[in-house]
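Q: Please go through this structure and set each term against its definition.

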Amino acid sequence: MNICQKKVVIFGGTGFIGTHLLRNLTAQPNLKVLWTKRPTTPLPDIPNLPAPRQFENLETVSIDWISDADVIIDLASSGRGRAISQRDVLSRVSPHLRIIDGLLNVGSKAHYIFLSSGGAIYGNDDSVLLSETARCIPQTEYGLEKLII
């Protein structure tokens, strides 16, 4: 790795935000981009895209693999669409917290960025524009996961 090259890790690079990030970041010569996807998710059509690490969920991500990253962008989710169920909240949130805790425990200097498209946390609001101060009423487990993290 070039001494000036920054290491960026992206969890969940196949959605809307992830695909755009991968396309832009892999075009930057000063970045080494590592990314993940689920085994069943198709590869995005991006030139010169490095091969991903494939994980079924974030519980299996090795802290050693990411601890020397400069930036970690977490876009991953356990899925979408199901109605909120109390029993599933911990299983959706704990993988993200395990990674954050693991990075802190090994003294990682990585900048950890958790991104979400946001719409999922506000529920069914007919407003054309919502501000960050709008009331959060997630309707799905996906929305609740994004709100909690």
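A: Two strands pair if DSSP finds at least two bridges between them; strands (E, at least two residues) and helices (H or I, at least four) are DSSP runs numbered from the N terminus. The model is predicted: local features need pLDDT of at least 70, side-chain atom pairs count only at pLDDT 80 or more, and totals for chains, interfaces and linings use all residues. Residues are numbered from 1 along each chain as its sequence is written, and side-chain values use heavy atoms, with hydrogens and water left out.

Q: What makes β1 and β4 a pair?
A: Strand β1 (residues 6-11) and strand β4 (residues 71-74) are joined by four bridges in the parallel sense, and the definition asks for at least two. Within this pair, Ile-10 has Ile-73 of β4 as its bridge partner.

Q: Why are β3 and β5 at the edges of the sheet?
A: The open sheet has the order β3-β2-β1-β4-β5, with parallel pairing. β3 (53-54) and β5 (111-114) each have a single partner strand, so one side of each lacks a neighbour in the sheet.

Q: What makes the 14 residues a nonpolar core?
A: Such a core is a set of buried Ala, Val, Leu, Ile, Met, Phe, Trp, Tyr and Cys residues joined through side-chain atoms within 4.5 Å, buried being under 20% relative accessible area (1.4 Å probe, protein chains only). Among the members that touch the most others are Val-9, Trp-65 and Ile-66. The largest share, three residues, comes from α2.

Q: Which residues does Ile-66 contact, leaving aside neighbours within four places in sequence?
A: With contact meaning heavy atoms within 4.5 Å, they are Val-9, Phe-11, Val-61, Ile-72, Ile-99 and Leu-103.

Conventions: Buried means under 20% relative accessible area, exposed over 50%, partly exposed in between (1.4 Å probe, protein chains only).
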